[in-house]
Every structure is written in C-alpha cells, then in structure tokens.
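Hello,

Here is the structure I promised to pass on to you. My notes on it follow just below, so do have a look at both together.

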Amino acid sequence: MAVMSTISSAPKTADSTEPSVLTELDITSSRPLSPSERFFVFTRGKFGASDAFPLITLDCSPSTPILDDEVVLAWAVLCLRHPMLTSRVTFTASDPAVVCSAALTLSRAIARAKAHIEFAQFDDRDRALDELHAQFGGPSPVRAIDVRAEMHVVWQRDASGERGQYVFGMQTVHYQLDARRRIEVMRQFVELLATPGRAQAELDAHFAKGAGTVLPPKIPQPVESSFPDLGAFDAEERRKGKEAFDEFVRKANVLPCGLAYDGPETPSGSNIRCIRRTFSQPDTTRILQACKAQNITVTQLFQAAWAVAAVEIGREEACDVTRVRPGLALQDGLYHCNTLIPVDLAPYIRALPGNTNAGGADVSMQLVWYTSTIALPQAALDVRDAVWAAARIAKANDAAFRQSPYFWHLVIHIQAPMQEHASIAFNGEEEAAGPVASPPPPPPLPPLMPFLTSLGDISALLPSTISASSCEGGTYTDGRSIRVVDMMVCMKVMPTTGTSHVWTFDGRMVLQLTYDSASFSAARGDKFFGRVADIFAGLATEP
C-alpha cells in the first residue's frame with residue numbers, strides 16, 4: 001500500500017494551534033483496484049450505472065433541531081471511521097488505483113466533510129424525495145459521480161423548521177460499500193446526530209496529540225484478497241471444482257422467460273424508474289408466517305413469484321405473433337426463469353483457517369452473484385402450488401451453491417470474467433481488428449434478469465427510533481430522539497438490466513423493482529412488478 005502526503009491551499013484557521021507547516025495537510029493511502037472493483041468502475045459508464053443512492057427520512061422534535069454544523073461534524077467522524085467514504089480512483093497507464101485520504105488537522109477534517117455535503121431546504125418532503133430520485137437516477141450524466149472525486153452526501157431540512165423533518169442521502173460508487181454496509185454507515189450517522197457533542201469529542205480525541213501522530217488511512221482490502229489460493233489444492237480437486245462450475249453455467253444457459261425488452265436495439269440513454277409495494281405490519285406478519293410454514297425464505301419466495309409472473313404474463317402475450325422479443329420461451333418442455341442472487345462472503349471469509357479479516361463495516365463490498373434458474377412445467381398450474389414449487393427449486397439452488405464442497409472454486413471462477421471484462425473496458429480493446437464492412441445485426445436482447453438483493457429485517461441495522469440512550473459506545477444522558485420514518489434503497493441500473501430489493505423495516509415488508517423505462521416500457525414493467533407483488537399479497541390474505 002502506497003502512502004503519501006498532500007498539502008491543500010486552504011488557509012489556516014485563526015484558532016489553529018498546529019505549526020503552520022502542517023496546516024491543512026492530508027495523508028493518503030492507495031492500492032490497485034481489484035478485479036471486482038475494476039468491473040464496477042469501468043462498466044458504470046458516464047451515467048453511473050450500478051451507483052447506489054440510499055435515502056432516509058428523519059423526524060425529531062422541532063424544539064431540538066439538528067443543526068448543519070452537527071451534520072458536518074458527524075460526517076467528519078464517519079470519514080475517519082470508514083476510509084472508503086473518502087475513496088476516489090486514480091488512473092495511470094497500467095494500474096488504476098483506489099485512494100483514501102485522512103486529514104491531519106481538525107480544521108481540515110471539518111472542511112473536507114463540509115465539501116462532501118450538499119445542503120438544501122424543502123417545503124414538501126415527498127416532492128423533495130421525488131426530485132432527488134429523478135436527479136440521481138435520471139437520464140442526465142450531470143449528477144453521476146466522478147470516480148476521480150470523493151462521494152456525495154445530501155442533507156435537507158424543512159424550510160419552516162416547525163416540522164422537524166429531514167432527508168439524508170449518500171451517492172456512492174458500488175465498489176465502495178454494499179447495501180448492508182451503507183445502512184450501517186447511515187445508522188452511525190443518525191446515532192451521532194442523536195448525541196450532540198459526541199462527534200466533536202471523537203474528533204478532538206483523534207487530533208489531540210497533533211498531526212504527527214495521525215496514521216495513514218487503512219484501506220479495506222478487496223474481497224479477492226481473502227480468497228483461498230486454488231493452486232494450493234491438488235489437481236484432482238481443481239478439476240472437480242471446475243466441473244462443478246461448468247455445471248452451474250450449463251443449468252443457467254437456457255432460453256429465459258421474463259420481462260421482455262421493448263426498447264431500441266441500441267440503448268442511448270437511461271430513464272430510471274423505481275416502483276415499490278409496502279405491506280402493512282399485519283400483512284407482513286402473515287407473509288412471513290406462510291414462508292415459515294413452507295420452510296422457505298423471502299428471497300426464495302421472490303424468485304418464485306418472479307418466475308410464476310413471467311410465465312403468466314408470457315402466456316397472456318403469446319397470442320401476439322408479431323413480437324420480436326418474446327417474454328416466454330419454451331425449452332425441453334419447460335419454462336425457465338433466471339435471477340442473479342448475491343451471497344455475502346463475509347461469514348465464509350471469517351470461517352477460513354488463519355483468517356484475520358473480521359469482515360466488518362470497514363471492509364469493502366464482499367459479494368458474489370450466482371444465477372438461480374427455476375424451471376416450470378408447460379401445463380398450467382394453480383398459482384399457489386406453482387409458487388411454492390418454484391420456491392423449493394430456488395431453495396435447492398441456494399443450497400447447491402452455498403453448501404457445495406467446491407464453494408470457493410465456484411466463487412473464484414465466477415469472479416474470473418470480471419477481470420477480463422474490466423481489462424477490456426480499461427484498455428479499450430476490441431474483439432476485431434480494423435473496420436467491419438457489414439456487421440451482423442445484434443441478437444435480440446433476452447428478458448430482464450433481475451439482480452435480487454434481499455436484506456431481511458433491517459431494523460437491527462437501522463432502528464426506527466434512535467435516541468441518546470440507545471446508541472452504541474456508552475450511555476448518553478443528553479441528546480435527542482430521532483425517528484427514522486422511511487428508507488429508500490435506490491440504485492442506478494444499466495439500460496438492459498434491473499434490480500429488485502426486498503426488505504422489512506419497522507415491521508413492514510417492502511418489494512421494489514428498479515429498471516430503465518427507456519428499455520422496458522413503464523406499462524409493461526409496472527404490470528410485471530404488480531403481478532409479483534400481487535402474489536405476495538395473495539399469501540397475506542390466505543388463512
């Protein structure tokens with residue numbers, strides 16, 4: 001890891017007691033981007049595809065308003081706790097790198113934190129949320145993050161100050177933090193706001209001994225650094241591991257069903273549409289009870305609902321013989337539907353012999369995705385029976401991956417194409433040398449295969465109410481109670497892909513689909529998602 005110091009041109013503050021030679025000094029650390037990080041950096045394009053922008057809405061008593069200065073101090077603390085929040089990417093001729101910076105003085109830490117934050121006011125919070133979502137998820141590349149700069153934070157409050165309403169959001173490149181770790185950062189932020197004075201005390205303690213004692217930021221290691229070395233396995237085990245991976249690929253190599261692409265042949269922009277369905281607490285309880293009775297997880301239920309919806313809607317549209325890109329395809333007498341399922345590798349890494357990586361919030365994204373394929377018979381089935389049958393297939397797929405004796409072989413072989421894809425994007429390589437006189441037309445794009453992120457009950461990560469007495473790290477007698485009213489898990493998707501999120505917050509289950517309405521028309525996308533949500537709702541009404 002490289003370490004260097006940089007000097008800012010910002011003036012010294014009048015109350016600073018540090019020697020002038022160290023005023024406003026940063027110290028930085030860097031390391032090369034890993035294959036998975038390179039993949040996310042070089043495939044995001046000018047629109048910032050796969051960038052995340054989670055938003056939360058907060059309420060607290062108008063008698064104890066949250067001041068802008070408190071927001072700056074809280075964010076300054078988080079930048080010290082989590083170096084990836086300060087990360088940016090530098091590009092060289094051969095080796096792009098991630099760089100994290102740490103301020104060596106209190107005044108510099110505060111100035112840098114303030115530079116991250118965009119302050120604003122609103123008269124109507126719902127409208128403000130819609131505008132933020134349109135800006136961060138819209139077709140213009142203007143609001144996309146420049147990976148050469150640091151991340152972007154939004155803090156908004158009601159203009160009157162009489163309602164005690166706020167909005168907090170982060171805009172991050174996907175390699176920096178995964179969804180759970182973003183939520184963890186947001187919780188810590190609210191905790192600091194709930195305990196006025198705590199952020200200032202933490203900053204004072206950090207800089208108490210002077211700039212010379214501040215250590216370079218410790219950049220979290222990429223997930224690949226914790227993988228076991230396949231070369232340490234004997235040739236026979238490596239052969240069987242590759243065979244296991246090839247079998248996973250074979251099963252996923254099907255004619256898929258799903259939400260059919262109906263946009264232009266070559267997407268030229270993006271117009272992100274995010275729709276969600278929130279279930280009441282009683283309905284959420286009944287859905288969870290139905291899953292428990294079937295020994296099925298919500299993740300597996302969502303896969304099943306997506307597959308059944310794909311077949312149902314595909315049958316309804318089958319009469320349209322003019323369709324170029326059908327949403328329904330029959331192969332070997334079965335309908336197949338694929339979903340990309342993320343696996344958090346942190347617990348698997350912790351279980352490796354001799355591992356020293358705790359896999360905490362300071363570790364960069366530790367995910368791998370596998371393709372889960374559900375096959376349904378051609379004959380019409382009762383929806384309820386079909387859903388549970390499909391969910392059991394999803395459960396078997398998950399067990400086959402997670403419990404495989406060749407688990408790490410599967411993970412490493414899945415990651416390998418990321419290296420190749422990112423290398424081609426970075427070096428500008430082309431598949432063919434020289435111009436092609438008459439290129440063949442591209443094949444029809446397959447139906448949308450969603451990236452499914454199921455977060456479970458996030459109340460443990462982000463409680464609905466955070467007060468001084470509930471904060472970690474001690475008991476605080478002075479403070480305010482802050483209510484987390486709602487949370488939005490938002491992401492900018494690539495034009496031909498989509499993301500699905502499922503989570504429970506404050507006892508209410510949320511289903512969400514984010515897709516590009518320039519590639520999948522809103523009428524068809526909303527209808528498809530509505531069918532998936534209706535399947536969940538049907539479980540809530542069953543005895």
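A word on terms before the details: two residues are in contact when they have heavy atoms within 4.5 Å. Please also keep in mind that this is a predicted model.

With that in hand, let me begin with leucine 345. Setting aside neighbours within four places in sequence, leucine 345 is in contact with Val223, Phe227, Gln366, Leu367, Val368, Phe407 and Val411. Leu345 is also among the residues with the most contacts inside the largest nonpolar core, together with Leu301, Leu511 and Phe536. That core has 66 residues, and its largest share, 12 residues, comes from helix α9 (residues 298–317). A second, separate core has 54 residues, including Ile27, Val71, Leu177 and Ile466.

Leaving out residues up to four places away in sequence, glutamine 415 touches Ser36, Val223, Glu224, Phe227, Leu367 and Val368.

Now to the charged pairs. The whole structure holds 23 salt bridges. One of them joins the side chains of aspartate 344 and arginine 181, at 3.9 Å from N to O. This pair links distant parts of the chain: aspartate 344 belongs to strand β11 (residues 334–344) and arginine 181 to helix α5 (residues 179–194), 163 residues apart. Aspartate 344 is partly exposed at 25% relative accessibility, whereas arginine 181 is buried at 6%.

Helix α7 (residues 235–252) has pairs of another kind. Glutamate 236 and lysine 240 both lie in this helix, 4 residues apart, or about one turn, and they form a salt bridge with the closest N and O atoms 3.9 Å apart. Glutamate 236 is partly exposed, with a relative accessible area of 37%, and lysine 240 is partly exposed at 35%. Glu236 and Lys240 also belong to a network of salt bridges with Arg239 and Glu243. In helix α7, too, aspartate 246 and lysine 242 are 4 residues apart, so about one helical turn separates them. Their side chains meet in a salt bridge of 2.8 Å, N to O.

Finally, some totals for the chain. It has 13 helices and 17 strands, and 52% of its 543 residues count as buried. The accessible surface comes to about 23900 Å², 55% of it belonging to carbon and sulfur atoms. Among contacts with a separation of 6 or more, 80% are between residues 24 or more positions apart.

Best wishes

Technical notes: Residues numbered from 1 in each chain as written. Predicted model: local features only at pLDDT ≥ 70, side-chain atom pairs only at ≥ 80, totals over all residues. Heavy atoms only, no water. Core = buried A, V, L, I, M, F, W, Y, C linked by side-chain atoms within 4.5 Å. Buried < 20%, exposed > 50% of the residue type's maximum accessible area, 1.4 Å probe, protein only. Helix = DSSP H or I, 4+ residues; strand = E, 2+ residues; numbered from the N terminus. Areas by Shrake-Rupley, 256 points an atom, 1.4 Å probe, with all protein chains shown as cover. Salt bridge = Lys/Arg side-chain N within 4 Å of Asp/Glu carboxyl O.
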